[in-house]
Amino acid sequence: MKLIQKVQVKNMMGLHTRPATAIVKMLQNSKCDVSFTYKKATINAKSILSILMLAARKNSKITITVEGSDADATMEKLLIAFENEFGE
Amino acid sequence: MYLVEDLYKQHGERLGLELVAGKSGMKRRIKVPEAHRPGLALAGYLKSHAGKRITIFGKVEIEYLRDLAPPVRVKCLNDILSTPTPAVIVARRYRPPKELMSLCEKHAIPLFRASMTTMNLLSKLTLLLTEEFAPSMSCHGTLVEVFGVGVLIQGDSSVGKSEAALGLIERGHRLISDDIVKVKKRESSYLEGFGAELTRHHMEIRGIGIINVAHLYGAVCVRDNKSIDIVVKLETWDDQNFYDRVGLDEKYCDMLGVKLPFHILPVKPGRDVVLLLETIALNHRLKGMGYNSAKEFNAKLLNMIATKTKRN
C-alpha cells in the first residue's frame with residue numbers, strides 16, 4: 001500500500017537534529033519504505049543525515065510517501081508527530 | 001527548469017558576463033544546452049534556424065552589422081530576436097549596436113557583453129550548459145574511493161554501510177559522501193557522485209552519533225567527488241539465497257542509463273566487510289588491466305582436462 005501526504009513543519013527551528021532523531025526513532029521498527037520530498041530532493045526518512053540535508057525551515061511543506069504493509073499506522077504516527085512538533 | 005538568471009548568477013563571473021540590456025527577460029527559460037553564432041540567419045536565411053539556442057555575436061557578426069544600412073540592420077536583428085532565443089551575448093567586449101540594445105529591450109531578451117573571444121566563450125558556455133543539463137539523481141548509499149576505484153555501497157538501513165565506510169577510511173581510503181549521494185551523468189558516459197553541501201564529510205554511526213570525518217582523520221581521507229565505478233549491495237545473510245561463488249558471470253545494474261558492475265555482498269558475523277570491499281575494488285582494477293581471475297582459472301582447468309583426455 002502506498003500513501004502520500006503533505007505536511008507542514010511547525011517547529012520554530014525547522015527540521016533540526018532533535019526532530020530528525022525523533023522521526024528516525026519512530027520509523028526504526030516500521031516495515032515501510034518512508035521518503036520525504038522537499039524542493040525536488042527525495043530522501044530516505046530512516047536516515048538522520050538525509051533528513052538534516054533537507055534543512056527544512058519552519059512552515060516548509062514536506063511530502064511524505066509511505067509504502068509497505070503497515071503504511072496506515074506509520075503515516076498516522078508521522079502526522080501526529082509533525083502536528084505535536086515532535087514534543088518540543 | 002534553468003533560467004537565464006541562474007546562468008548569470010552561477011556562472012556570470014566565470015564567463016565574464018555583464019548585463020547591458022533586457023533585464024526584464026532574466027526569467028527566460030534556457031531549454032537546450034546549446035549556443036550558436038547566427039551566421040546565415042543574420043544574412044536573412046532563416047530556414048531551420050535553431051531559435052532556442054543562446055545567440056552569440058562575435059567579431060564577424062558585429063562587423064557585418066556595422067556594414068549594413070540601418071533599416072536593413074533592424075530587419076535582420078528583428079528576425080533573429082523574434083525567436084525564443086533565451087539570451088544574446090556579444091563577445092570580445094564589443095559595444096552592441098544600439099538597434100540590438102533597443103530590440104533586446106523590446107523583446108525582453110537579456111543582452112550580455114563578455115570579454116572572452118568568441119570561440120572561447122562558445123566552448124566554455126557549451127561545456128557549462130551541458131553540465132547543468134546533465135541528468136542527475138540522488139540515491140541512498142555511501143560513496144567511497146577504494147584504491148582509486150569509486151565504490152557505491154548500497155543496502156537497507158542499519159545493514160552496516162557507514163560502519164564499512166568507516167573501516168575503509170581507517171585503512172586510508174577516502175569518503176565522498178555518506179547516506180545520501182548525488183549522482184550526475186557526465187559526458188553521457190560515466191557517473192560522478194558527490195555529497196550534499198550540508199552533510200558532506202559527515203557520518204552518522206549508531207551509538208556514536210554524527211561525526212566529521214575530515215576533522216577526525218584529516219583532509220587526506222575525504223574527496224569532494226569521484227566517478228562511480230562499481231556498485232556493491234550489502235545484504236543480511238540469507239541461507240536460502242545462493243550467492244555468487246565463482247564470479248564467472250558478471251552482473252550489472254543500470255543508473256541513469258549507465259551500466260555499472262554490480263555485486264551483492266552478504267553480511268554476517270565473521271565476514272570482514274572492509275576486507276571484502278577492498279578485494280572487490282582490487283579485483284575490479286585487475287579486470288581493468290585485462291586479467292579476470294575467474295576466467296583465467298577456468299581456462300587453466302579446461303586446459304588440464306584437455307591434456308588428461310589426450311593422455312588417456
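I began in chain B, where strand β6 (residues 88–90) and strand β7 (residues 111–114) run parallel and are joined by three bridges. Within this pair, B:Ile89 has B:Phe112 of β7(B) as its bridge partner. I took strands (E, at least two residues) and helices (H or I, at least four) as DSSP runs numbered from the N terminus, and strands as paired if DSSP finds at least two bridges between them.

I noted that this is a predicted model, in which local features need pLDDT of at least 70 and side-chain atom pairs count only at pLDDT 80 or more, while totals for chains, interfaces and linings use all residues. Residues are numbered from 1 along each chain as its sequence is written, and chains are lettered from A and ligands numbered from 1 in the order in which they are written.

I then traced the open sheet of five strands in chain B, with order β2-β7-β6-β5-β4 and mixed pairing. β2 (17–21) and β4 (35–36) of chain B each have a single partner strand and stand at the edges, so one side of each lacks a neighbour in the sheet.

I next looked up chain A, which has three helices and four strands. Their order from the N terminus is β-α-β-β-α-β-α.

Last, I examined the contact (C-beta atoms, placed from the backbone, within 7 Å), which takes eleven residues from chain B and eleven residues from chain A. On the chain B side, β8 (136–140) and β14 (202–205) each give two or more residues.

Definitions and conventions. Contact = placed C-beta atoms within 7 Å.
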